[in-house]
Amino acid sequence: MTDGADTDDAVSIAVTGATGRMGRTVLETAADREDVTVVLAVNRDPDEAAIEGLSIEPADDLSALLAERNPDVLVDFTGPSSSLEYVAACAEAGVAAVVGTTGFDEDERAALREAGETIALLQASNFSRGIQVLLGVVGEAVAALPEYDIELTETHHNRKRDAPSGTARTILDRIDDVRGEHGATDEDRRSSRVYGREGEQPRERGEIGVHVRRAGDVRGEHEVLLAGDDEVFSVTHCAGSRRVFASGALAAAVRLAEREPGYYNFAEVLEGT
Ligand code: NAD
């Protein structure tokens, strides 16, 4: 549902990166939902006037736009630096934020966590429910098969900027956590990621091979493979459309609107209702 078709209990949403691939899909998906109303759509250098009947505003003064439209939650799919700027504007305005942007470094992550002291903020590298299940299954598999070799492969469209994907990093962090619970030290885990291989490079015990492919318009594929002698276990997730991420982000926004300030993850917010 977009501006002009308001209902009293719908959560009001602002969308940044509105003319991007994900922002546009969020607007299209929101138009089909009863539980959200988009009150603001923003893009830096708007390259089109309107989407789904909403005019696209320039991002120059997001604070003023937030004060004027008063959304409950901002949904952001842009780039790390702009995302941080937009989150700062949300913190100032008391607007909750769902951040789908990926590619943050450690300092940028710390800044997001800090904003979570002021507003309800959720950052997730992947808003599909299937990836949540994959994370659980991978955790179980790594715990049950600690000596097996692990290789992670991800494929995305040819315009994706960050590599490996935010989702791949989330999967690697999950593997680290499970290995940590089973006695691996931080140093063991950090040194164990190998990004591609070339030339004379035999596999070291415990290393995780990470492989990145960029091609065509693939929405997002992740495969985690565990192999021991004489057997291979693998789990794969394929996103068929960006709508799966947009639906997840909007569901998260609806639930986040009721939350106290804090830094949340997708699973917590989904499970919390
Ligand atoms: P895109 O390039 O199609 O769209 C990004 C939009 O944000 C553009 O309209 C661009 O003009 C705007 N923008 C504003 N400031 C920007 C900046 N500093 N850098 C880049 N763009 C900026 O990209 P997309 O495919 O929509 O992806 C956007 C982000 O969302 C990426 O970080 C991507 O990895 C992430 N993503 C997350 C999920 C998820 O489920 N969390 C799913 C898909 C994509």
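This is a predicted model: local features need pLDDT of at least 70, side-chain atom pairs count only at pLDDT 80 or more; totals for chains, interfaces and linings use all residues.

Residues are numbered from 1 along each chain as its sequence is written, and side-chain values use heavy atoms, with hydrogens and water left out.

**Exercise 1. Work out which residues form the aromatic cluster, and how its rings are arranged.**

Step 1: Rings of Phe, Tyr and Trp (its six-membered ring) pair if their centres lie within 6.5 Å; planes under 30 degrees apart are stacked, over 60 edge-to-face, and the rest tilted. That gives two aromatic pairs.

Step 2: take Phe-77 and Phe-127. Their ring centres are 6.1 Å apart and their planes sit at 70 degrees, so this pair is edge-to-face. Phe-77 is in the loop between strand E5 (73-76) and helix H3 (80-93), and Phe-127 is in the loop between strand E7 (120-123) and helix H5 (129-144), so the pair ties together parts 50 residues apart in sequence. Helices here are DSSP runs (H or I) of at least four residues and strands (E) of at least two, numbered from the N terminus.

Step 3: take Phe-127 and Phe-266. With centres 5.1 Å apart and planes at 80 degrees, the pair is edge-to-face. Phe-266 belongs to helix H9 (residues 266-271), and the two partners are 139 residues apart.

Step 4: Phe-77, Phe-127 and Phe-266 make one aromatic cluster.

Step 5: check the cover. Buried means under 20% relative accessible area, exposed over 50%, and partly exposed in between (1.4 Å probe, protein chains only). Phe-77 has 14% and is buried, Phe-127 is buried at 2%, and Phe-266 is buried at 3%.

**Exercise 2. Check the span of helix H8 (residues 243-256), then find how many of its residues are buried.**

Step 1: the expected span is 1.5 Å times one less than the number of residues. For the 14 residues of H8 that should be 20 Å, and the end C-alpha atoms are 19 Å apart, which agrees.

Step 2: 10 of the 14 residues are buried, so H8 is mostly covered. Among them are Phe-245, Leu-250, Val-254 and Leu-256.

**Exercise 3. Find where His-222 lies and what it touches.**

Step 1: His-222 is in strand E11, and its relative accessible area of 1% makes it buried.

Step 2: contact means heavy atoms within 4.5 Å. Leaving out residues up to four places away in sequence, His-222 touches residues including Ile-131, Leu-134, Thr-153 and Val-235. Ile-131 and Leu-134 are among the buried residues of H5.

Step 3: the side chains of His-222 and Ser-165 make a polar contact at 2.9 Å. That term means N or O atoms within 3.5 Å; within protein, one must be able to donate a hydrogen and the other to accept it, and residues adjacent in sequence count only if both atoms are side-chain atoms.

**Exercise 4. Find how many residues surround the ligand, and which polar atoms lie by it.**

Step 1: 23 residues surround the ligand (a heavy atom within 4 Å). The closest are Arg-21, Met-22, Asn-43, Thr-102 and Lys-160.

Step 2: a polar backbone atom of Gly-20 is 3.2 Å from a ligand oxygen atom. A backbone N or O atom of Gly-100 lies 3.1 Å from a ligand nitrogen atom.
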